[in-house]
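Below are my notes on the model, as numbered points.

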Amino acid sequence: MSEDRLQIDCYMWFHNKYPNLRGLLFHVPNGGSRSKREGAKFKAMGVYPGVSDFLFIYDNKLYCIELKIQKGKQSKVQKKWEDTVLNEGCIYNIVRSQSEFEVLIESILKN
(Lines give C-alpha, C1' and ligand atoms only; values in the text may rest on other atoms or scores of the structure.)
Protein backbone atom coordinates (compact mmCIF):
# COMPACT_ATOMS: atom_id res chain seq x y z
CA MET A 1 0.00 0.00 0.00
CA SER A 2 1.22 3.51 -0.78
CA GLU A 3 1.09 6.39 1.70
CA ASP A 4 -1.34 8.14 -0.65
CA ARG A 5 -3.72 5.16 -0.52
CA LEU A 6 -3.38 4.96 3.27
CA GLN A 7 -4.21 8.65 3.56
CA ILE A 8 -7.25 8.35 1.28
CA ASP A 9 -8.56 5.33 3.19
CA CYS A 10 -8.06 7.01 6.57
CA TYR A 11 -9.67 10.24 5.46
CA MET A 12 -12.68 8.52 3.90
CA TRP A 13 -13.20 6.41 7.05
CA PHE A 14 -13.16 9.57 9.19
CA HIS A 15 -15.33 11.54 6.75
CA ASN A 16 -18.00 8.82 6.70
CA LYS A 17 -17.86 7.82 10.38
CA TYR A 18 -17.83 11.34 11.84
CA PRO A 19 -19.80 13.65 9.53
CA ASN A 20 -20.33 16.07 12.43
CA LEU A 21 -16.54 16.60 12.63
CA ARG A 22 -15.93 17.31 8.94
CA GLY A 23 -13.49 20.16 8.48
CA LEU A 24 -11.61 19.44 11.71
CA LEU A 25 -9.37 16.80 10.07
CA PHE A 26 -7.62 18.09 6.99
CA HIS A 27 -4.57 17.80 4.78
CA VAL A 28 -2.20 20.63 3.88
CA PRO A 29 -0.83 19.89 0.39
CA ASN A 30 2.84 20.61 0.96
CA GLY A 31 4.38 17.78 -1.07
CA GLY A 32 4.31 16.50 -4.60
CA SER A 33 5.97 17.52 -7.82
CA ARG A 34 5.59 21.10 -8.92
CA SER A 35 7.22 23.41 -11.40
CA LYS A 36 9.76 25.88 -9.99
CA ARG A 37 7.27 28.70 -10.54
CA GLU A 38 4.45 26.91 -8.73
CA GLY A 39 6.81 25.82 -5.93
CA ALA A 40 7.95 29.42 -5.44
CA LYS A 41 4.32 30.59 -5.36
CA PHE A 42 3.36 27.97 -2.78
CA LYS A 43 6.38 28.87 -0.64
CA ALA A 44 5.43 32.55 -0.80
CA MET A 45 1.90 31.56 0.26
CA GLY A 46 3.22 29.85 3.40
CA VAL A 47 3.76 26.21 2.48
CA TYR A 48 6.18 24.78 5.03
CA PRO A 49 8.18 21.59 4.50
CA GLY A 50 7.61 18.66 6.82
CA VAL A 51 4.06 19.51 7.88
CA SER A 52 2.15 16.39 8.92
CA ASP A 53 -0.14 14.61 6.48
CA PHE A 54 -3.18 15.38 8.63
CA LEU A 55 -3.94 18.11 11.10
CA PHE A 56 -6.84 17.42 13.45
CA ILE A 57 -8.30 20.12 15.64
CA TYR A 58 -10.38 18.78 18.49
CA ASP A 59 -11.19 19.92 22.02
CA ASN A 60 -8.91 22.97 21.76
CA LYS A 61 -5.91 20.82 20.81
CA LEU A 62 -3.95 20.35 17.61
CA TYR A 63 -3.09 16.78 16.67
CA CYS A 64 -0.48 16.33 13.95
CA ILE A 65 -0.74 12.94 12.28
CA GLU A 66 2.03 11.70 10.02
CA LEU A 67 1.19 8.67 7.89
CA LYS A 68 3.90 6.19 7.00
CA ILE A 69 3.69 2.77 5.44
CA GLN A 70 5.40 -0.02 7.38
CA LYS A 71 8.90 0.68 6.01
CA GLY A 72 8.48 4.45 5.83
CA LYS A 73 10.69 6.81 7.83
CA GLN A 74 10.40 10.47 8.63
CA SER A 75 12.54 12.85 6.63
CA LYS A 76 14.77 15.40 8.39
CA VAL A 77 12.24 18.17 7.73
CA GLN A 78 9.42 16.02 9.13
CA LYS A 79 11.44 15.42 12.30
CA LYS A 80 12.11 19.17 12.56
CA TRP A 81 8.36 19.86 12.22
CA GLU A 82 7.64 17.25 14.91
CA ASP A 83 10.07 18.96 17.30
CA THR A 84 8.59 22.37 16.50
CA VAL A 85 4.98 21.40 17.19
CA LEU A 86 5.82 19.34 20.28
CA ASN A 87 7.62 22.40 21.71
CA GLU A 88 4.40 24.35 21.20
CA GLY A 89 2.30 21.81 23.10
CA CYS A 90 0.74 20.07 20.11
CA ILE A 91 0.31 16.30 19.93
CA TYR A 92 2.23 14.40 17.24
CA ASN A 93 1.58 10.84 16.10
CA ILE A 94 2.98 8.57 13.43
CA VAL A 95 0.39 6.13 12.09
CA ARG A 96 1.24 3.10 9.92
CA SER A 97 -2.15 1.58 9.12
CA GLN A 98 -5.81 2.46 8.89
CA SER A 99 -6.54 0.44 12.00
CA GLU A 100 -3.92 2.46 13.95
CA PHE A 101 -5.53 5.63 12.64
CA GLU A 102 -8.99 4.49 13.74
CA VAL A 103 -7.74 3.61 17.24
CA LEU A 104 -5.97 6.98 17.51
CA ILE A 105 -9.03 8.98 16.45
CA GLU A 106 -11.37 7.05 18.72
CA SER A 107 -9.01 7.49 21.68
CA ILE A 108 -8.85 11.24 21.03
CA LEU A 109 -12.64 11.50 20.86
CA LYS A 110 -13.11 9.57 24.12
CA ASN A 111 -10.93 11.95 26.12
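1. A disulfide is taken here as a pair of cysteine sulfur atoms within 2.5 Å. By that criterion the structure holds zero disulfides. The model is predicted, so local features need pLDDT of at least 70 and side-chain atom pairs count only at pLDDT 80 or more, while totals for chains, interfaces and linings use all residues. Residues are numbered from 1 along each chain as its sequence is written, and side-chain values use heavy atoms, with hydrogens and water left out.

2. C10 has a relative accessible area of 0% and is buried (buried means under 20% relative accessible area, exposed over 50%, partly exposed in between, with a 1.4 Å probe and protein chains only).

3. C64 is likewise in no disulfide. The nearest cysteine sulfur to C64 is that of C90, at 5.1 Å. C64 counts as buried, because its relative accessibility is 0%.

4. L86 lies in helix α3, residues 76-87 (helices, H or I with at least four residues, and strands, E with at least two, are DSSP runs numbered from the N terminus). With 39% relative accessibility, L86 counts as partly exposed. Between L86 and C64 there are 22 residues in sequence and 9.4 Å in space, C-alpha to C-alpha.

5. The largest nonpolar core has 18 residues (a core is a set of buried Ala, Val, Leu, Ile, Met, Phe, Trp, Tyr and Cys residues joined through side-chain atoms within 4.5 Å). F14, F56, I65, F101 and I105 have the most contacts inside this core. At least two core residues come from each of α1 (3-17), β2 (54-58), β3 (61-67) and α4 (98-110). The most are given by α4, with five.

6. Apart from neighbours within four places in sequence, I105 is in contact with W13, F14, Y18, F56 and I65 (contact means heavy atoms within 4.5 Å). A second, separate core has seven residues, among them L55, V85, C90 and Y92.

7. How many aromatic pairs does the structure hold? There are nine (rings of Phe, Tyr and Trp, the last by its six-membered ring, pair if their centres lie within 6.5 Å; planes under 30 degrees apart count as stacked, over 60 as edge-to-face and the rest as tilted). The F56 and Y63 rings have centres 6.1 Å apart and planes at 40 degrees, so this pair is tilted. Both F56 and Y63 are buried. One aromatic cluster is formed by Y11, W13, F14, Y18, F54, F56, Y58, Y63 and F101.
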